[in-house]
Amino acid sequence: MTENYNIVIIGGGPAGLSAAVEASKYTDKILVVDENPTPGGQLSKQTHKFFGSKNHYASTRGVNICSTLINSIDKNKVKYMGQTSAVGFYKPDNIVLETEEKLISVKAHKFIFATGAMENMVSFENNDLPGIYGAGAVQTLMNLYGVKPADKVLMIGAGNIGLIVSYQLMQAGVKIAGVVEAAPGIGGYHVHAAKLRRMQVPIYTSHTILGAYGKESVEKAVICEVGSDWQPVSGTEKEINVDTICLAVGLTPSVELLHQAGCGIKYAKELCGYVPLHDKYMETTVPGIFVAGDASGIEEASAAMLEGRMAGLKAAYDIEKFNRSEFINEVEHIEFELKSLRTGPFGEKAASGKKKIFLEER
Amino acid sequence: MDYKKTGIIDFSQVKLPENWESMSKFFPVIECIEKIPCNPCAYSCPKGAITVKGDITNTPEIEFEKCNACTICVGKCPGLAIFLVNPNYSENEAAVIIPYEFHPLPSENDDVILIDRKGNEHGKGKVISVKVNKAFENTPLVTVLLPKELAMKIRHVKISKK
């Protein structure tokens, strides 16, 4: 039997939850699907205070933003299915969900894909040795399950994730041997790097990891300098004794389902991979299919939440055709906030990527 | 752009009151020199002393004469990049208020190791206050006394093992 919904949202992270909050102001029969038991995505693991403006919950810890979003959802209008994966899309309006017990087929008027991103891998010798984790896994163990994941960690990647997770590890009583970054400069915000530096953590810019070594699990890492040609400089190898290597070397948008649904996809380096073309309402080339958050290009959670709101708003408007001026006001407000976020050296990258994949209004 | 490589800012870029060396009250030192999308310091300041003009990615501007050293910005700043400094807290000591998010917290009267932006240690200082406020999302604020010449250097403390 096929269940019918107004809107099905795939992914219950910052973008998906925001879409549900916004859409449920105007319409009902909304389904949010997520592979994790509890909603929140990466938000529920963020113990640090967020940046952005008051309207994007700035200065609030991510985990608290998560509960605010969940609490503001009307449970009579929105159903949440955890431990459920969306495994296939069948045109024009059918999605197959895999729960723990069975496959079910769901139909909807509108779909919002807030599928997030996958962590990147980096190649080095023995990179499959136990004790090598993605930063997301370390955060899940530490901040969701309360498990101390390591005693001494080498962090690979000095973007915001590498810097923030290093700080959180230190808060959990884990020693950080250093942060290794292949680029000549720190990729994340200076304020995050400054916290680590004053806590006596070295940041090795223009360095890379050559290998991980140990009998049964990681006992040490070997790093070295990289030249301006991005090649290892021989003779600069350095051994660092650690029991864990944590990888925070970027994210790639998860667009497989959107691809399968026939959405136009384009590569944009600034957005970290192949992303669906979309208009200002986050609607893709396939009418009725929206994208939001990291699946539409890697950015911060503040942008993901705004994009989610935009997608939820437009999807609900197309169904309910509520007051047009209210709709336009809200659209303009979200557009303004997104534009403001995408200024400055960090935001400009996203802004130029978004230009490449922008669809003019139909 | 050296801070991009090292994680250490060029402190000459940080705005201080003109006569700060002779001042004997707390004022904010905002070590936020990069254009990032953030403005809680500005909207949380009850005196309107801090502003982020135009785009949210502009860096904050401070009018020291409006500040009454309430510490709200120190607790609100997501980057933990604001410190309050009183260069002449007593005859021989300066005082610095530092956001400190670690357990265990130091206690009043504890001697703590003083650490600068680069992670170098500079002897010991004395904790005179530890405040935890829910309104600051529970970021504890630790006030530490230290030698005057270290007032613009020390930005972190470490509990010394007994």
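Begin at the largest cavity, whose lining residues divide into 13 nonpolar, three polar and one charged, where Ala, Val, Leu, Ile, Met, Phe, Trp, Tyr, Cys and Pro count as nonpolar, Asp, Glu, Lys and Arg as charged, and the others, Gly among them, as polar. This is a predicted model, in which local features need pLDDT of at least 70 and side-chain atom pairs count only at pLDDT 80 or more, while totals for chains, interfaces and linings use all residues. Residues are numbered from 1 along each chain as its sequence is written, chains are lettered from A and ligands numbered from 1 in the order in which they are written, and side-chain values use heavy atoms, with hydrogens and water left out.

**Stop 1: the largest cavity**

Select Cys32(B), Cys38(B), Cys41(B), Cys77(B) and Pro78(B), which of the 17 lining residues are the closest to the centre of the largest cavity. The space inside this cavity is about 130 Å³, and there are four cavities of 30 Å³ or more. On a 1 Å grid over the protein atoms alone, a cavity is a set of points where a 1.4 Å probe fits but cannot get out, whereas a pocket is an open set with protein on both sides within 12 Å along at least five of seven lines, and lining residues have an atom within 4 Å of a point. Grid points are joined across faces, edges and corners, and a volume is the space filled by probe spheres set on the points.

**Stop 2: the second largest pocket**

Next, select Met170(A), Met199(A), Tyr100(B), Phe102(B) and Lys158(B), the closest to the centre of the second largest pocket among its 22 lining residues. This pocket holds about 670 Å³ of space, and its lining consists of 13 nonpolar, five polar and four charged residues. Colour β10 (175-181) of chain A, and β6 (111-116) and β9 (154-159) of chain B, each of which supplies at least two residues of the lining; β9(B) gives the most, with four. Helices (H or I, at least four residues) and strands (E, at least two) are DSSP runs, numbered from the N terminus.

**Stop 3: aromatic rings in chain A**

Now show the side chains of Phe51(A) and Tyr189(A), whose ring centres lie 5.1 Å apart with the planes at 70°, so the pair is edge-to-face. Rings of Phe, Tyr and Trp (its six-membered ring) pair if their centres lie within 6.5 Å, and planes under 30 degrees apart count as stacked, over 60 as edge-to-face and the rest as tilted. Phe51(A) lies in the loop between β2 (30-33) and α2 (62-71) of chain A, and Tyr189(A) in the loop between β10 and α5 (190-198) of chain A, so the pair ties together parts that are 138 residues apart in sequence.

Move on to Phe89(A) and Phe111(A), an edge-to-face pair with 5.0 Å from centre to centre and 80° between the planes. Both Phe89(A) and Phe111(A) are buried. Then select Tyr26(A), Tyr281(A), Tyr317(A), Phe322(A) and Phe327(A), which form one aromatic cluster.

**Stop 4: a charge over a ring**

Finally, select Lys195(A) and Tyr167(A): the charged end of Lys195(A) sits over the ring of Tyr167(A), 4.1 Å from its centre. A charge sits over a ring if NZ of Lys or CZ of Arg is within 6 Å of the ring centre and within 35 degrees of the ring normal.

Terms used:
Buried means under 20% relative accessible area, exposed over 50%, partly exposed in between (1.4 Å probe, protein chains only).
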